Amino acid sequence: MEKLKVKSDYKKVTAFAPATVANVSCGFDILGFALSNPGDEVSLERVDDGQRNIRIKEITGDNGRLPTEVLENTAGIAVQQYIEQAGITDSVEIMLKKQMPLGSGMGSSAASAVAAVAACEALFQAGMPLIDQLKIAMEGERKACGSAHADNVAPALYGGFTLIRSYQPLDVVRLPVPDDLYCVLIHPDVEVRTQSAREILRQKVSLSDAVIQTGNVAGLISSLYTGDYELLSRSLQDVLVEPIRKILIPAFDKMKYTALKNGAIGYGISGSGPAMFALCKGEEMANNIKLPIKEVLEDIGVEGKIYVSPVNQQGPVIKKLEQ
């Protein structure tokens, strides 16, 4: 892309980017939606040293696990690429506040990358097109996960429900969301590495399974446009990925049965897991599912956190902007 004209007097900014649910059962690598909480924060501060240096000053909330080398860190990569593509000559210090566990299936790396891009855009006011911001965030995902997939970063950046129609060329479609659609996000305290969860998947599938999966994707998208919750429920079925990945998640079948029994529209693995999601009609129903799921986790002796959130239509939020 051509160099952008940058006009900004801001010195420091803090951006928040949300957790996301990727795949949404039937939409492997192409569907995702954003939540209101939890999420990560990235703060950027300009440094007047007459050079173009990028430095990660501080990372909190990661128990010392994340690298502080810029090109080894998802947020660092996003900042470096944004500055390079926008033709910015300032030095920047990065502060990353992790508020989600690593390897959680909640789009932790995507939230860091998107928060970094959003912070850059707010700080430098370069007017970078959203699709170019997305490509930058995807490069952060490549470092974290081994591939530049967009099903987490797209909803985190665009907000709402997103469809990745194509990767070559990149084509993202923002989908409508019924007003009363809520998500219960369940995170058992176990870790599943995204790269490992991808490696166990089959590289070839049967034609009959492909037909079933395609029908479910089409049905899910149709249900979002029409607000047909019964169709949404019937479409939240995954015959390709869930049967393989569920073995990595303790008591997955029991939790799914419990959620559906207590009124969930559908239940599935969030991204590569171990997080899981239940979609519900209304906040009351979502809250009613929390306790039975918590009891299942307690029965198997696994700690965990459960979040209730509407679908986040906004995407990243600028929390602080200082001149």
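The following conversation covers salt bridges, a helix, cysteines and a surface patch in a predicted model.

Reader: How many salt bridges does the structure hold?

Author: This predicted model holds ten salt bridges. As background, side chains of opposite charge can pair when their charged atoms come close.

Reader: Which residues are linked in a network of salt bridges?

Author: Arg55, Lys57 and Glu93 are linked in such a network. Within it, the side chains of Glu93 and Arg55 meet at 2.5 Å, N to O.

Reader: Is Glu93 buried or exposed?

Author: Glu93 counts as buried because its relative accessibility is 14%, and the cut-off for buried is under 20%. Arg55, at 42% relative accessibility, counts as partly exposed. Lys57 is partly exposed as well, with a relative accessible area of 47%.

Reader: Which residue forms a salt bridge with Asp171?

Author: Arg165 does, and the closest N and O atoms of the two residues are 2.6 Å apart. Arg165 counts as exposed because its relative accessibility is 51%, the cut-off for exposed being over 50%. Asp171 is partly exposed, with a relative accessible area of 28%.

Reader: Let us turn to helix H2. How far apart are its end C-alpha atoms?

Author: The end C-alpha atoms of helix H2 (residues 108–124) are 25 Å apart. At 1.5 Å a residue, its 17 residues should span 24 Å, so the two values agree.

Reader: How many residues of H2 are buried?

Author: In H2, 17 of the 17 residues are buried, so the helix is largely enclosed by the rest of the structure. Just after H2 comes Gln125, which takes a positive phi of about 55°.

Reader: What about cysteines? How many disulfides does the structure hold?

Author: The structure holds zero disulfides. Cys183, for instance, is in no disulfide, and the nearest cysteine sulfur, that of Cys280, is 7.7 Å away.

Reader: Is Cys183 buried or exposed?

Author: Cys183 is buried, with a relative accessible area of 0%. Cys120 also counts as buried, at 0% relative accessibility.

Reader: Where does Glu242 lie?

Author: Glu242 lies in helix H8, which covers residues 242–245. With a relative accessible area of 9%, Glu242 is buried.

Reader: Which residues does Glu242 touch?

Author: Leaving aside residues up to four places away in sequence, Glu242 touches Phe252, Lys256, Tyr267, Gly268 and Ile269.

Reader: One last topic, the surface. Which residues make the nonpolar patch of about 270 Å²?

Author: Ile200, Ile247 and Leu248 make that nonpolar surface patch. Leu248 is found in the loop between H8 and helix H9 (252–261). At 34% relative accessibility, Leu248 counts as partly exposed.

Definitions and conventions. Residues numbered from 1 in each chain as written. Predicted model: local features only at pLDDT ≥ 70, side-chain atom pairs only at ≥ 80, totals over all residues. Heavy atoms only, no water. Disulfide = S-S within 2.5 Å. Buried < 20%, exposed > 50% of the residue type's maximum accessible area, 1.4 Å probe, protein only. Helix = DSSP H or I, 4+ residues; strand = E, 2+ residues; numbered from the N terminus. Contact = heavy atoms within 4.5 Å. Expected span 1.5 Å × (residues − 1). Patch = residues over 30% accessible without salt bridge, like charges linked within 9 Å, V, L, I, M, F, W, Y side chains within 5 Å. Areas by Shrake-Rupley, 256 points an atom, 1.4 Å probe, with all protein chains shown as cover. Salt bridge = Lys/Arg side-chain N within 4 Å of Asp/Glu carboxyl O.
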